[in-house]
Amino acid sequence: MGAPITLYVDSQFLSPYAMSVYVALSEKQLPFEIRPIDLSAGEQWMQPYQCRALTARVPALTHDDFNLTESSVITEYLDEVFPPPRHAALYPQAVRFRARARQLQAWLRSDLTALRQERPTETVFYGATGQPLSDAAHAASAKLLRVANHLLPAGQANLFEQWCIADLDLAVMLKRLAQDDLPDPLRAYVDAQWQRPSVQKWLEHNAAARD
């Protein structure tokens with residue numbers, strides 16, 4: 001039995017970043033405990049959570065006596081501590097593909113602000129429709145589609161030879177456009193990512209949090 005793993009997520013299961021780490025743990029078939037944090041009540045600023053989460057954000061991971069925040073850093077950590085072939089790979093093995101996956105993760109978390117604001121995660125998980133996109137959000141959408149089409153030639157099921165965690169992160173961002181003009185090949189890519197068992201498990205938590 002390995003050291004215990006605890007994943008701290010938002011209590012509504014709406015954070016795409018918490019989802020990314022949850023899917024990573026599930027893909028690696030690692031046993032872990034989920035602990036919801038009530039962001040609306042400010043629990044992220046309270047003790048003992050703030051001692052565990054240095055940046056007072058979700059997700060946070062506790063592995064034995066080690067605490068870590070920031071989702072892409074957590075998934076990189078998991079891939080190094082629980083490497084293939086014993087555990088499923090979260091990142092490509094080829095150095096340049098791995099760098100590209102990390103580049104994509106960093107970009108998705110730091111850019112496209114207008115799109116994230118106007119098509120928030122309620123759009124992703126609830127299918128909620130919003131107002132027509134602003135010029136800034138249209139520009140962000142066009143940038144996202146340009147990058148996605150460049151990385152995913154028609155008919156390509158994943159970004160690289162095999163699935164990686166960046167596939168999920170890209171699919172989540174593209175799903176923000178599900179009610180807008182998402183091209184059919186990219187819509188099929190998103191739908192395929194959404195059917196992964198690890199993703200379906202997260203969606204079950206999300207649905208239960210709404211009940």
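Predicted model: local features only at pLDDT ≥ 70, side-chain atom pairs only at ≥ 80, totals over all residues.
**Exercise 1. Surroundings of Arg-35**

Which residues does Arg-35 touch, not counting residues up to four places away in sequence?

Solution. 
- Step 1: Find the element. Arg-35 is placed in strand S2, which covers 33-37.
- Step 2: List the contacts. Leaving out residues up to four places away in sequence, Arg-35 touches Thr-6, Leu-7, Tyr-8, Val-9 and Arg-52.
- Step 3: Classify the exposure. The relative accessibility of Arg-35 is 33%. The partly exposed class lies between buried, under 20%, and exposed, over 50%, so Arg-35 counts as partly exposed.
- Step 4: Compare sequence and space. Arg-35 and Ala-60 are 25 residues apart in sequence, and their C-alpha atoms are 9.7 Å apart in space.

**Exercise 2. Length and burial of H1**

Work out why the length of helix H1 agrees with its number of residues, and state how far H1 is enclosed.

Solution. 
- Step 1: Take the residues. H1 runs over residues 16-27 and has 12 residues.
- Step 2: Find the expected span. The rule is 1.5 Å times one less than the number of residues, so H1 should span 16 Å.
- Step 3: Check this against the model. The end C-alpha atoms of H1 are 16 Å apart, which agrees.
- Step 4: Consider burial. In H1, 11 of the 12 residues are buried, so the helix is largely enclosed by the rest of the structure.
- Step 5: Name them. The buried residues of H1 are Pro-16, Ala-18, Met-19, Ser-20, Val-21, Tyr-22, Val-23, Ala-24, Leu-25, Ser-26 and Glu-27.

**Exercise 3. Backbone details in the loops**

Locate the cis peptide bonds at Pro-48 and Pro-59, then the positive phi values of Ala-56 and Asp-64.

Solution. 
- Step 1: Start with Pro-48. The bond from Gln-47 to Pro-48 is cis, and its omega is near 10°. Pro-48 sits in the loop between strand S2 and helix H2 (49-52).
- Step 2: Go on to Pro-59. Val-58 and Pro-59 are joined by a cis peptide bond with omega about 0°. The loop that holds Pro-59 lies between H2 and strand S3 (60-63).
- Step 3: Look at Ala-56. This residue is also in the loop between H2 and S3. Its phi is positive, about 55°, although Ala-56 is not a glycine. Ala-56 has 7% relative accessibility and therefore counts as buried.
- Step 4: Finish with Asp-64. Its phi is near 60°, a positive value in a residue other than glycine. Asp-64 belongs to the loop between S3 and strand S4 (66-69).

**Exercise 4. Two partners of H4**

Describe how H4 packs with H7 and with H8: is each pair roughly parallel or roughly antiparallel?

Solution. 
- Step 1: Take H4 (residues 95-110) with H7 (residues 135-151). Their axes come within 13 Å and cross at roughly 165°. Angles over 145 degrees count as roughly antiparallel, so H4 is roughly antiparallel to H7. The crossing of H4 and H7 is left-handed.
- Step 2: Name the residues. On the H4 side are Arg-100, Leu-104, Trp-107 and Leu-108; on the H7 side they meet Lys-143, Leu-144, Val-147 and Leu-151. This contact of H4 with H7 has six nonpolar, no polar and two charged residues.
- Step 3: Take H4 with H8 (residues 165-175). The axes come within 9 Å and cross at roughly 30°. Angles under 35 degrees count as roughly parallel, so H4 is roughly parallel to H8. The crossing of H4 and H8 is left-handed.
- Step 4: Name these residues. Ala-101, Leu-104, Gln-105, Leu-108 and Arg-109 of H4 meet Ile-165, Ala-166, Asp-169, Leu-170 and Met-173 of H8. The classes in the contact of H4 with H8 are seven nonpolar, one polar and two charged.

**Exercise 5. H8 and H9**

State how many residues of H8 are buried, and describe the packing of H8 with H9.

Solution. 
- Step 1: Count. In H8, 11 of its 11 residues are buried, and the helix is mostly covered.
- Step 2: Find the geometry. H8 and H9 (residues 184-194) have axes 9 Å apart and pack at an angle of about 120°. That angle makes H8 oblique to H9. Their crossing is left-handed.
- Step 3: List the contact. H8 supplies Asp-167, Leu-168, Leu-170, Ala-171, Val-172, Leu-174 and Lys-175, and H9 supplies Leu-186, Tyr-189, Val-190, Gln-193 and Trp-194.
- Step 4: Sort by class. The contact of H8 with H9 has nine nonpolar, one polar and two charged residues.

Note on methods:
Residues numbered from 1 in each chain as written. Heavy atoms only, no water. Axes fitted to C-alpha atoms, helices over the stretch in contact; angles between N-to-C directions. Helix = DSSP H or I, 4+ residues; strand = E, 2+ residues; numbered from the N terminus. Parallel < 35°, antiparallel > 145°, perpendicular 65-115°, else oblique. Left-handed = near helix turned anticlockwise from the far one by under 90°. Contact = heavy atoms within 4.5 Å. Nonpolar A, V, L, I, M, F, W, Y, C, P; charged D, E, K, R; others polar. Buried < 20%, exposed > 50% of the residue type's maximum accessible area, 1.4 Å probe, protein only.
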